[in-house]
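Please read it alongside the sequence and the coordinates.

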Amino acid sequence: MTNEYENATPLDIQLSSGWPEVDAVVDAIFAECVADAGIQRQYPRMKTCLKVVLMNLFTCHVSDPTRYIRYSRRNASFTKSYNCLELSPEQIRKAVDNLAKLKYVTGELGKWSFIAEGRRQSRVRAEQSLIQRIMEFRVSPLMAAIDPDANLIVLKDSDKNWLEIEPTNVTHRMQEELKRINAILSVTMINLYMTDKELHVLNERLRTGKIP
């Protein structure tokens with residue numbers, strides 16, 4: 001992979017939306033997948049998975065059009081504590097592949113290695129055609145939100161792998177506190193006024209940690 005793919009953020013499998021505008025665009029694009037990408041058997045969870053992928057692609061594009069979403073194509077299971085929608089890497093992979101058949105996304109396949117340092121997850125990014133299709137339904141990035149049943153507490157090991165969380169009174173209290181904070185943030189408008197050039201410089205600083 002080239003340095004272009006270094007600019008990537010992990011897929012958030014808890015990111016979804018309950019807005020009717022989002023449901024409408026998911027229905028429309030799913031219908032395109034059925035007609036053009038060869039889906040023969042339809043399951044409700046396929047739409048749920050497609051919504052998660054679309055919300056990740058859309059919000060990522062709005063934040064930085066050059067940034068990719070990184071995701072796993074391995075036949076494994078997501079960590080249960082952070083998978084309230086009960087998705088699987090296989091479903092994510094199929095959703096991405098269907099969008100690729102429709103030329104809605106571009107990306108690069110990952111690389112597996114016995115050596116941890118040699119492993120790279122796959123990357124995917126929205127094409128402008130997908131962004132335009134989503135915008136046709138008047139979808140706003142503010143409509144994307146973490147699922148209400150999502151686990152907001154993330155526990156990682158020294159290698160930054162997500163670990164299962166055993167629910168306790170302490171974790172329950174922390175979860176409720178985070179929900180209250182998120183509820184306040186969801187109704188708070190925070191704007192940052194800057195030019196496209198200033199935004200590019202800021203994104204580079206956030207990505208690399210270097211001050212130009």
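The protein contains six helices and six strands, where helices (H or I, at least four residues) and strands (E, at least two) are DSSP runs numbered from the N terminus. Followed along the sequence, these elements give the pattern β-β-α-α-β-α-β-β-α-β-α-α. The radius of gyration is 18 Å, close to the 17 Å that the globule rule gives for 212 residues, so the protein is as compact as a globular protein of that length; the radius is taken over C-alpha atoms, and the rule is 2.2 Å times the number of residues to the power 0.38. This is a predicted model, in which local features need pLDDT of at least 70 and side-chain atom pairs count only at pLDDT 80 or more, while totals for chains, interfaces and linings use all residues. Residues are numbered from 1 along each chain as its sequence is written, and side-chain values use heavy atoms, with hydrogens and water left out.

The C-alpha trace spans about 50 × 45 × 45 Å along its principal axes. Of the 212 residues, 33% count as buried, with buried meaning under 20% relative accessible area, exposed over 50%, and partly exposed in between (1.4 Å probe, protein chains only). Among contacts with a separation of 6 or more, 73% come from residues 24 or more positions apart, a contact being heavy atoms within 4.5 Å. The accessible surface comes to about 13800 Å², and 53% of it belongs to carbon and sulfur atoms; such areas come from the Shrake-Rupley method with a 1.4 Å probe, and for residues only the protein chains shown count as cover.

Helix H2 (residues 44-63) has 20 residues and reaches 29 Å from its first C-alpha to its last, close to the 28 Å expected at 1.5 Å a residue, the expected span being 1.5 Å times one less than the number of residues. Its buried residues include Leu50, Lys51, Val52, Phe58 and His61. Ser122, in strand E5 (residues 122-126), is buried as well, because its relative accessible area is 4%. Beyond its neighbours within four places in sequence, Ser122 is in contact with Ile69, Arg70, Tyr71, Arg73, Glu108, Leu109 and Gly110.

By the rule that a side-chain nitrogen of Lys or Arg lies within 4 Å of a carboxyl oxygen of Asp or Glu, the count comes to ten salt bridges. Among them are the following pairs.

| Salt bridge | Closest N to O distance |
|---|---|
| Asp23 and Lys51 | 2.6 Å |
| Glu177 and Arg173 | 3.4 Å |

The bridge of Asp23 with Lys51 links distant parts of the chain, with Asp23 in helix H1 (residues 20-36) and Lys51 in helix H2, 28 residues apart. Asp23 is partly exposed at a relative accessible area of 31%, whereas Lys51, at 13%, is buried. Both Arg67 and Asp64 are buried. Glu177 and Arg173 lie in helix H5, four residues apart, about one turn of the helix; Glu177 counts as partly exposed at 34% relative accessibility, and Arg173 is partly exposed at 45%. Salt bridges that share partners also join Glu32, Arg133 and Glu136 into one network.

Ile190, in the loop between helix H5 (169-186) and helix H6 (196-208), is exposed, with a relative accessible area of 66%. Together, Ile181, Leu185 and Ile190 make a nonpolar surface patch of about 310 Å². Patches are made of residues with over 30% relative accessible area and no salt bridge, with like charges joined within 9 Å and nonpolar side chains (Val, Leu, Ile, Met, Phe, Trp, Tyr) within 5 Å.
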